[in-house]
Structure formats: structure tokens, C-alpha cells
Amino acid sequence: MVSRGDDIVTPFFVWASKTKLTNWAGNLEYSTDRLYSTNSLEQVRSYVKKQSKLKVLGTRHCFNNIADSTHNFLSLKSMDSMVALDQQTHTVTVDAGMTYGQLCPLLHSKGFALHNLASLPHISIAGACSTATHGSGEKNGNLATAVSGLEIVTAAGDVVKLSRQQDGEAFRGVVVGLGALGVITKIILDIQPAFMIRQYVYENLPLAAVKDHFDAIEASGYSVSFFTDWQNERISEVWIKSRDEAGQEFEATPEFFGAKLATKNLHPIGELSAENCTEQMGVPGPWFERLPHFRMGFTPSAGKELQSEYFVPRQHAVEAILAVQRLRDQVSPHLLTSEIRTIAADNLWLSPCYEQASVSIHFTWKQDWPAVRKVLPVIEKELAPFKPRPHWGKLFTMAPEQLKSSYKRLPDFMQLSKKYDPQGKCRNEFLNTNVFSS
Ligand SMILES: Cc1cc2nc3c(=O)[nH]c(=O)nc-3n(C[C@H](O)[C@H](O)[C@H](O)COP(=O)(O)OP(=O)(O)OC[C@H]3O[C@@H](n4cnc5c(N)ncnc54)[C@H](O)[C@@H]3O)c2cc1C
């Protein structure tokens with residue numbers, strides 16, 4: 001059931017939808033199909049005031065039930081404009097329904113860029129930042145680190161504006177808010193002058209080179225990703241995204257720590273067509289057409305899949321990679337590909353990279369939850385010595401106590417939520433279990 005405030009006279013008009021509301025991957029059927037679509041701040045305020053329970057839906061790219069609701073969904077999809085570009089403060093203000101795919105070409109046409117992007121541009125900026133979505137690059141914080149201001153409609157329907165400059169600790173608590181603190185209606189992001197990137201892919205990096213030269217390999221580009229099926233003691237593909245600027249160029253020698261320079265564009269999942277992927281082979285292109293792996297307008301990744309991802313402290317990168325490698329025979333049968341990335345430390349309370357430079361080990365699984373559900377605890381146990389933090393928007397089986405113990409600012413976050421959503425209007429089963437349970 002969808003009610004829309006955008007294209008009809010009454011915002012509460014309801015029309016029946018034949019298909020069930022699911023997440024992007026289709027592995028999760030949401031618990032209600034009551035979706036209200038809004039197109040103004042005033043509509044958001046009045047809707048929020050009227051509901052006793054709701055969740056905001058972004059572009060539905062999470063794999064777990066973090067976005068689910070048994071009551072009501074609010075969509076800001078039609079609030080998707082770039083509101084202001086401030087060349088003095090180097091910031092852009094956007095409506096919270098905007099996706100990176102909508103913002104980036106616009107920003108580029110004005111001569112500006114964001115510092116980094118995730119593997120796909122299709123996701124909403126608000127949903128991505130709320131779950132600490134990240135790209136790669138050891139000097140690049142996750143996407144939420146670019147947030148310098150937020151406009152939020154609280155559970156009471158009040159409008160609150162928070163900024164990095166004015167609101168210090170509270171701001172750092174709110175940015176990765178998991179959708180638990182109200183409805184984000186506007187976001188201000190840091191921008192920088194537009195830049196060009198060249199993307200190179202190498203094939204078959206020996207695992208021995210990862211053991212001996214991890215730091216040098218990671219430092220070779222602005223953003224570096226490994227893709228592997230964990231078989232044959234090698235990383236299948238190394239994607240190096242290099243800024244096309246003096247002092248930052250990557251010299252694409254035919255061989256790189258034993259890996260061979262690819263001679264055609266590749267997909268991270270070897271058997272899939274590279275048509276869906278951003279241009280490689282060192283062809284220079286604007287930042288937003290190289291930083292994601294997948295092109296806007298094309299299906300990212302495989303589509304029919306599941307995803308999991310764990311962050312561990314960067315200093316344990318090699319040990320953690322070898323720990324998963326030991327599980328290859330249990331992991332590989334269910335896997336489409338794994339990706340390994342680095343992310344800079346940040347100061348956002350619920351970021352998996354809070355005060356910790358991190359390496360993330362990601363799994364794109366075949367869509368077979370019974371099998372994946374069995375293998376996740378095995379991976380989590382093997383990574384346990386490194387205190388792994390799961391991606392907030394992907395599948396994990398870790399006990400809530402273990403999850404919560406790795407976030408030292410969680411009590412502060414719970415305290416903060418009393419200010420913005422004292423009755424838990426925006427909470428759901430995921431949040432009650434993994435964040436708010438005592
Ligand atoms: C193919 C694919 C590739 C991916 N690649 C990456 C990657 O490279 N790196 C990475 O880190 N992750 C990646 N992800 C995961 C993805 O980035 C996250 O799941 C992200 O949250 C998706 O944003 P969304 O808008 O779809 O979120 P949704 O699933 O719609 O929502 C996520 C959360 O944000 C909240 N939310 C959304 N909008 C608002 C708002 N306006 N106000 C308050 N709360 C809000 C929701 O309530 C929910 O709690 C990938 C996912 C897919 C499917």
C-alpha cells in the first residue's frame with residue numbers, strides 16, 4: 001500500500017500495490033507496505049507528528065532489517081534537489097532523498113567533488129551516511145565523514161539543525177544515526193575541487209605479496225580494493241584508483257607485486273560482464289565515474305545476492321585476511337566475491353571506524369540465506385580476536401552483547417536518542433535488539 005504526498009491532492013491518498021515491498025536485493029520482504037511519500041518539510045513534520053511508529057526508507061539497499069517497519073514507512077524520494085552550493089565554505093546542501101547518482105554529475109558540472117564514494121552511486125545520501133557506508137582509501141574516511149550539517153525532524157515533529165562546527169559531540173553522535181533519531185531532511189556535505197581519476201586493475205596478486213607488502217599496496221592509490229574468492233593463494237583482482245594529479249600518479253607497470261595488469265575491463269565477479277562497471281585501463285575520467293565500481297544506470301554487483309562485511313583495526317589487516325583465508329573451503333562455495341578495503345579512522349560515535357583506522361572484509365554471497373547463516377558465525381568466530389564490527393546495513397549473526405561491547409559511545413548514543421526520540425518512535429526490531437536492548 002503506498003500513499004503519496006507528491007503527485008496528488010491529498011497526501012494521505014492510498015492506492016493498492018500488487019507487489020510486496022522488498023529491499024533492493026529482494027532477500028527481505030518488509031513487514032508493512034504502508035509507505036507514505038512526502039515532498040516537503042511541512043509534510044514530513046505533520047506525518048511524523050501523527051504517527052506513533054515509523055521508519056524512513058532510503059533506496060532500500062540494506063540487506064538486513066535495519067530499515068524495516070511493522071507500522072509505517074516514510075519515503076523522501078521526491079525530495080531530491082541540490083539546495084545550495086557554497087563556494088566559500090566548500091559545502092553543498094542537499095535534500096535527504098537525493099542519491100549520489102543524482103548529486104555527483106550536478107556537483108561535477110559546477111566544478112566540485114566529494115572526497116569518496118561507495119561501490120555504487122545508486123544509494124541515497126541519507127541512508128548511506130546513516131549506516132556509515134564507505135569506499136576505500138587509507139586516507140579516506142567513510143561517506144558520513146563528509147557530513148558537516150544536518151536538518152532533522154525529531155519524533156515530536158520539531159525541526160533541529162546541527163552542525164559539525166556548532167554542535168561538537170552531539171553532532172558526532174547524530175551523523176551515523178542508524179535512522180534512530182528522527183527524519184533527516186537536509187544534509188550538508190564537504191566538497192572539494194573536481195578531480196580526475198585513472199583506474200587500473202591487476203589480476204592474480206599472490207597472497208604472499210599481501211602478507212609482505214600490504215601497506216605498500218594500499219598506499220599505491222587514492223583508493224585500493226582487493227577482490228578474491230579466497231582460492232589458489234591469490235587475490236583475483238586489485239583495483240587501483242589513482243588521482244590524476246601531480247605527485248599522485250600511479251605508474252601502471254605491466255607487473256605489480258607479482259600481479260599482472262589487466263588487458264580489458266573486468267567485473268569484480270569474474271564471470272560477469274564488465275559493461276556494468278566503471279571504466280578501467282587507466283582511461284582518465286571524472287571522480288564520480290571512477291570512484292564507484294559500478295555505473296549509474298546499470299545493475300550494480302550481481303543483483304540476486306546477499307552481503308556481509310566486517311571491519312577490523314587496520315593494524316590487524318594481514319592477520320584478519322589470513323584468518324578468513326583459512327576458512328576458504330567453507331566460504332567459497334557460497335560466495336560470489338569478497339572485497340577488502342581500507343578506511344581512515346573517524347570520530348563518529350557509531351561508525352565502525354570510530355577512532356580506528358580499519359580494514360573491511362566484505363562478502364557478496366549467493367542468495368542462499370540458510371547456507372550463509374551457517375557460515376557467518378564461523379567467520380565471526382575466526383575474526384573475534386580482532387574485535388570485528390559488522391556493517392550496519394549488511395547481514396551478520398553476532399550476538400547483540402558482542403556488537404554493543406565494541407561501541408564505547410553506545411551509552412551516549414542511547415542518551416542522545418532520549419532527546420530526539422524519547423518514546424522510540426523511529427526504532428524497530430533491529431534497533432531494539434542491536435542498539436537499545438540493555
Ligand atoms: C550492490 C550494493 C553495493 C553496496 N556497496 C557498498 C559499499 O561499497 N560500501 C558500503 O559501505 N556499503 C555498501 N552497500 C550497502 C549500502 O550502502 C547501505 O546499505 C546503505 O545504507 C544504503 O542506503 P539506502 O538509502 O539504500 O538505505 P536504506 O536501506 O533505505 O536505509 C538504511 C537506514 O538509513 C535510514 N534512513 C534512510 N534515509 C533516512 C532519512 N532521510 N532520515 C533518517 N534515516 C534514514 C533508514 O531508516 C535505515 O535505518 C552496498 C549495497 C548494495 C545493495
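Which residue in β22 is the bridge partner of F311? The partner is R389. This is a predicted model, in which local features need pLDDT of at least 70, side-chain atom pairs count only at pLDDT 80 or more, and totals for chains, interfaces and linings use all residues. Residues are numbered from 1 along each chain as its sequence is written, and side-chain values use heavy atoms, with hydrogens and water left out.

**Confidence**
- The protein chain has a mean pLDDT of 94. Of its residues, 96% reach 70 or more. The score is the predictor's confidence in each residue, from 0 to 100.
- Residues 2–16 fall below 50 in pLDDT. Beyond near neighbours in sequence, this stretch has 34 contacts in the model. Contact means heavy atoms within 4.5 Å.
- Where pLDDT is low, predicted coordinates should not be read in detail.

**Strand β19 and its partners**
- Helices (H or I, at least four residues) and strands (E, at least two) are DSSP runs, numbered from the N terminus.
- Two strands pair if DSSP finds at least two bridges between them.
- β19 and β22 (residues 389–390) run antiparallel and are joined by two bridges.
- β19 and β21 also run antiparallel, with eight bridges between them. S308 has F363 in β21 as its bridge partner.
- β19 is mostly covered, with eight of its eight residues buried. Buried means under 20% relative accessible area, exposed over 50%, and partly exposed in between (1.4 Å probe, protein chains only).

**Helix α6**
- α6 spans residues 317–325. Its buried residues are A317, A320, I321, A323, V324 and Q325.
- The cover over these buried residues includes α5 (207–218), β19 (306–313), α7 (328–331), β20 (335–343), β21 (358–365) and α8 (369–383).

**The five-stranded sheet**
- An open sheet of five strands runs in the order β6-β7-β11-β9-β10, with antiparallel pairing.
- β6 and β10 (159–163) are the edge strands, each pairing on one side only.
- On average, neighbouring strands of this sheet are turned by 15° against each other, direction ignored. Axes are lines fitted to C-alpha atoms, for helices over the stretch in contact; angles run from 0 to 180 degrees between N-to-C directions.
- Helix α1 (residues 41–50) packs on the sheet and touches β9 (147–153), β10 and β11. The direction of α1 makes about 55° with that of β9.
- α4 also packs on the sheet, touching β9, β10 and β11. The direction of α4 makes about 105° with that of β10.

**Strand β7 within the sheet**
- All five of the five residues of β7 (residues 91–95) are buried, so this strand is largely enclosed by the rest of the structure.
- Both faces are covered: T91, T93 and D95 are buried on one side, V92 and V94 on the other.
- Four bridges link β7 to β6 (residues 82–86), and the two run antiparallel. L85 has V92 as its bridge partner, and D86 has T91.
- The β6–β7 hairpin has four residues between the strands. There, H90 takes a positive phi near 55°.
- Five bridges join β7 to β11 (residues 183–190), again antiparallel. V94 has I187 in β11 as its bridge partner.

**Where α4 meets α10**
- The axes of α4 (residues 164–174) and α10 (residues 410–420) come within 10 Å and cross at roughly 95°.
- The two helices are therefore roughly perpendicular to each other. Angles under 35 degrees count as roughly parallel, over 145 as roughly antiparallel, 65 to 115 as roughly perpendicular and the rest as oblique.
- A170, G173 and V174 in α4 meet F413, L416 and Y420 in α10.
- By class, this contact of α4 with α10 has five nonpolar, one polar and no charged residues. Ala, Val, Leu, Ile, Met, Phe, Trp, Tyr, Cys and Pro count as nonpolar, Asp, Glu, Lys and Arg as charged, and the others, Gly among them, as polar.

**Two single residues**
- T99 lies in the loop between β7 and α2 (100–109). T99 counts as buried, at 8% relative accessibility.
- Leaving aside neighbours within four places in sequence, T99 is in contact with T59, P121, H122, I123, S124 and I125.
- S437 sits in the segment after α11 (429–434). S437 counts as partly exposed, at 25% relative accessibility.
- Not counting residues up to four places away in sequence, S437 touches K404 and N432.
- S437 and E355 are 82 residues apart along the chain, and their C-alpha atoms are separated by 24 Å.
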